[in-house]
Amino acid sequence: MAKGDGRMRGITRRDLVFGAAYGTIAVLTGLREAGGSEPKQSQESMVVIIRDEKALNEKKEADIEVLRQMLDQAIIKISGEKKAENGWRKLFNQKDFVGIKYTHCGWMRVHTHLELVEAVKGRLKDIGIGEDSIVAKDQGLPFEKCTALINVPSIKAHPLTGIAVSLKNYINFNRGKESTYHHGGSANLGEIWKMPGVQGKTRMVIVDALTPYFGPGPQIDPRYYWDFRGIVVGKDPVAVDTVCLKMVQEKRNAFKGGSWPLSPPPISIEEADKKYGLGTSDPEKIIVIRFGWGVPKEEEGKPIKLKDLKGFA
Amino acid sequence: MGSLIATCGIWAIATAYAFNSPLDWLPSHLGIWEKGKAAVYDRGNIFDFVDGAGEIYLAYDFQKVYVQEYETGSGSRIAVEIYETLSPGDAYGLLSIDLTGEPVRIGTIGLYGSGLLRFWKWRYYVRILAERETSESKSAIMELGRRISDSIKEEAPIPKIVQIMPSYGLVKNSTCYFHKLVVLNSLFFISQKNILGLSERTEAVLADYRVGKRVAKALLVSYPNTKEPYKAYRSFTREILKARDTGRRCVRRVGPKSFYGAGVHGRYLFLVLEAPTRSACLGLLMRIYSRVRSSR
């Protein structure tokens with residue numbers, strides 16, 4: 001099989017259990033035991049997870065001030081700057097026209113919290129980007145016009161793609177062809193990121209992990225909202241989605257008290273790495289740094305390889 | 001959270017619909033909740049409502065969904081969704097995608113949890129969801145559910161194929177009824193290709209079975225004739241089990257601690273997936289075979 005030809009060939013469960021392809025996805029979803037993975041090619045990527053119990057109030061409404069602080073903490077780590085403002089300046093400049101692509105998913109009702117979108121907008125304005133140079137939308141974002149994109153998705157288990165995070169969040173950039181990216185076609189979600197007007201513009205992925213959805217679809221069931229109260233931030237969308245995949249898979253297993261693999265297998269993540277070169281899905285090369293609520297003190301701020309990280313759920 | 005259904009497209013006034021619309025079953029107000037926006041979606045525009053995953057509904061003989069929102073002066077919302085199918089079995093199938101939850105005496109099978117009531121009765125699968133669960137919203141949800149259920153005068157049994165599945169070892173509330181590959185793959189991925197020949201003409205049930213300390217899956221598929229199951233059997237044994245010339249039953253190791261089995265009898269194909277041992281796999285396969293044989 002030529003890598004990335006999932007839509008053409010049709011992978012089987014046997015391919016995932018025994019085959020050469022989709023090793024990362026097979027291991028992370030529990031279909032294959034770790035070991036004997038594919039040759040490593042990609043670079044290391046850092047993903048920062050910030051959690052704060054106060055990010056949601058008693059009514060489960062998001063607190064924008066707490067989110068601002070969480071964002072600042074993440075940007076400091078991602079940028080390597082001592083001040084968050086300098087971190088934002090390192091990633092964006094005043095001449096940028098910034099598109100913030102969030103998720104407004106009516107049917108699943110697992111939206112990006114608009115407070116998070118506002119917090120991001122606020123930080124861009126703080127470094128001198130004008131209100132009229134920032135567009136935040138789900139449908140109809142003028143991505144061609146943007147000089148920079150920030151991908152701000154929610155997290156949800158998805159009955160047609162396995163999981164939906166940042167890679168799938170751009171699905172409506174290829175307007176009218178959204179359904180071609182379901183089932184086996186999800187292998188090709190990465191091609192959207194290569195479209196003229198999209199390619200190379202994504203400077204940051206900021207995932208709303210306040211209440212990830214880990215249950216069955218097609219419609220949501222509130223029993224499967226995870227009160228995680230976090231954000232997941234990185235510059236590498238594939239690494240970010242791989243981390244989110246591991247989080248959701250662990251939560252599903254913990255909820256069920258046994259293996260509950262995401263289905264169909266979220267092949268888009270590994271294809272985005274191996275076929276489209278958008279980042280790394282290799283848990284050996286993804287460095288996770290965690291802060292805040294629920295993080296063991298001895299692990300707070302400590303870089304840990306994703307493959308060694310357990311205990312999200 | 002914004003309006004529960006405000007972004008879903010076409011709106012209409014409930015009273016504009018013809019008499020006997022399920023929307024007419026609903027009261028204009030209920031305690032502090034007043035009727036708000038309403039809409040109807042069919043197979044042609046289901047994606048306007050279930051953006052991104054309408055295929056799951058289309059994989060059943062779903063005809064229409066009637067959506068009615070209720071709201072209070074303070075902005076609390078309840079959304080009622082009444083899915084109408086051609087056959088009672090398919091309305092059951094929509095519920096069976098997830099049969100867990102707190103059982104309630106509403107509909108033929110009713111389930112509640114965290115502000116969501118789901119029930120099945122005859123050709124209707126109903127979901128009533130509160131934006132936020134409170135004692136008041138739960139009472140309203142239950143009352144709305146009872147009114148809808150009382151308005152549906154007929155009932156139907158669960159599909160026969162579900163009852164064929166052996167009861168010994170069956171994990172409670174794990175049985176899902178469906179027809180097509182898209183639903184199977186959302187529950188348990190076997191192949192992107194339709195190697196089992198699933199279609200609107202097939203009936204299938206997937207269930208969990210306790211086998212020692214592990215859980216195995218069992219899949220039973222009914223075809224409209226005796227040729228198709230054998231063709232599916234051969235495809236499955238060739239593609240997944242990597243076995244040839246297997247007669248009518250076959251068990252193979254697929255993975256380090258996992259055995260898969262397949263059998264065929266009459267119009268039925270039956271599979272056991274992820275059993276911990278060969279004997280456990282064969283045992284469950286034979287129990288299904290026995291039930292299939294006695295059901296003819």
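Author: Two strands are said to pair if DSSP finds at least two bridges between them. Helices (H or I, at least four residues) and strands (E, at least two) are themselves DSSP runs, numbered from the N terminus. This is a predicted model, in which local features need pLDDT of at least 70 and side-chain atom pairs count only at pLDDT 80 or more, while totals for chains, interfaces and linings use all residues. Residues are numbered from 1 along each chain as its sequence is written, chains are lettered from A and ligands numbered from 1 in the order in which they are written, and side-chain values use heavy atoms, with hydrogens and water left out.

Reader: How many residues lie between β10(B) and β11(B) in their hairpin?

Author: Strands of a sheet pair through backbone hydrogen bonds, either parallel or antiparallel. In the hairpin of β10(B) and β11(B), two residues lie between the strands, and B:Gly212 in the turn has a positive phi of about 65°. The two strands run antiparallel and are joined by nine bridges. One of the pairs sets B:Asp208 against B:Lys217 in β11(B).

Reader: In what order do the six strands of the open sheet in chain B stand?

Author: The order is β9-β10-β11-β14-β13-β12, with antiparallel pairing. From one strand to the next the twist averages 15°.

Reader: Which helix lies across β12, β13 and β14 of chain B?

Author: Helix α7 (residues 227-239) of chain B does, running at about 160° to β13(B). Helix α8 (residues 278-295) of chain B lies across β10, β11, β12, β13 and β14, at about 155° to β14(B). Axes are lines fitted to C-alpha atoms, for helices over the stretch in contact, and angles run from 0 to 180 degrees between N-to-C directions. Contact means heavy atoms within 4.5 Å.

Reader: At what angle do α8(A) and α9(A) pack?

Author: Two packed helices are described by the angle between their axes and the distance between the axes. Helix α8 (residues 237-256) and helix α9 (residues 267-274) of chain A pack at about 155°, with axes 10 Å apart. That makes α8(A) roughly antiparallel to α9(A), a description used for angles over 145 degrees. The contact involves A:Val238, A:Asp241, A:Thr242 and A:Leu245 of α8(A), together with A:Ile269, A:Ala272 and A:Asp273 of α9(A).

Reader: How many of the eight residues of α9(A) are buried?

Author: A residue is buried under 20% relative accessible area, exposed over 50%, and partly exposed in between (1.4 Å probe, protein chains only). Seven of the eight residues of α9(A) are buried, so the helix is largely enclosed by the rest of the structure. Its buried residues pack against α3 (23-28), β6 (162-164), α7 (166-169) and α8 of chain A.

Reader: Is A:Leu67 buried or exposed?

Author: A:Leu67 counts as buried, at 0% relative accessibility. This residue is found in helix α4 (residues 64-79) of chain A. The C-alpha atoms of A:Leu67 and A:Leu116 are separated by 6.4 Å, although the two residues are 49 apart along the chain.

Notes: Parallel < 35°, antiparallel > 145°, perpendicular 65-115°, else oblique.
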